[in-house]
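Visitor: I would like to go through this structure by question and answer. Please show it to me.

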Amino acid sequence: DYATLSVLQYILCTGSGFTDRLSTKVRDKEGLAYSVGGGITGDSDEIAGPFIIYVGTEASSKEKALAMTLAEIRTFIDEGPTEMEVENARQFLARSFSFDWESCEGLGSYLIELRRYNLPPDHARRFVEAVRSVTREDVLKAARKHLDAKNYSLVIVGPVDKEGNVIHSEGEEK
């Protein structure tokens, strides 16, 4: 599912220039976050890695930002992406795959990945072909297999107590 998950995460949470669904909705339209992102392929190996979403928001906006994020994930699981979203993701990922090789460090990292994951020498060609063949139905199927908006772990970092309630400083309105 790696190529399909790459398309999925691009559409949902890693699109360039804040074009992904979560950035567009939670950050740009609602103004609830400074940053939104995530992914599922970063720690993948033989199996998919954990699906991680992060939302950088003010403590007072955390409930609304969390609710909106989970709602968008549920919508994605239920409805999937549009054909246009899939096409844009395929084009971007296929065209930008080798950009990381522009530096010695980037090329070295790619060669280490080939070795670490026991990938064939023609992995780049195969990956680009796989990305170009991903369909809307593939992404919807992968979303339903790998995403879960009901069973998740939530980590809150900031001025909150053990229950996740915002801690207000003295003199500040509650």
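Visitor: Which elements do the buried residues of α3 pack against?

Guide: This is a predicted model. Helix α3 covers residues 62–79, and its buried residues include M68, E72 and F76. Residues three or four places apart in an α-helix point the same way, because there are 3.6 residues a turn. The buried residues of α3 pack against α1 (2–14), α2 (21–29), β2 (52–56) and α7 (136–146).

Visitor: What distance does α3 reach from its first C-alpha to its last?

Guide: Helix α3 has 18 residues, and at 1.5 Å a residue the expected span is 26 Å. The model comes close to that, with a reach of 25 Å.

Visitor: How many residues apart in sequence are the parts that the pair of F97 and Y110 ties together?

Guide: The rings of F97 and Y110 are edge-to-face, 6.1 Å centre to centre with 90° between the planes. F97 lies in the loop between α4 (83–96) and α5 (104–116), and Y110 lies in helix α5, so the pair ties together parts whose separation in sequence is 13 residues.

Visitor: Is W101 buried or partly exposed?

Guide: The rings of W101 and Y110 form a tilted pair, with centres 4.5 Å apart and planes at 45°. Y110 is buried, with a relative accessible area of 11%. Buried means under 20%, and W101 has 27%, so W101 is partly exposed.

Key
Residues are numbered from 1 along each chain as its sequence is written. This is a predicted model: local features need pLDDT of at least 70, side-chain atom pairs count only at pLDDT 80 or more; totals for chains, interfaces and linings use all residues. Side-chain values use heavy atoms; hydrogens and water are left out. Rings of Phe, Tyr and Trp (its six-membered ring) pair if their centres lie within 6.5 Å; planes under 30 degrees apart count as stacked, over 60 as edge-to-face and the rest as tilted. Helices (H or I, at least four residues) and strands (E, at least two) are DSSP runs, numbered from the N terminus. Buried means under 20% relative accessible area, exposed over 50%, partly exposed in between (1.4 Å probe, protein chains only). The expected span of a helix is 1.5 Å times one less than its number of residues. Contact means heavy atoms within 4.5 Å.
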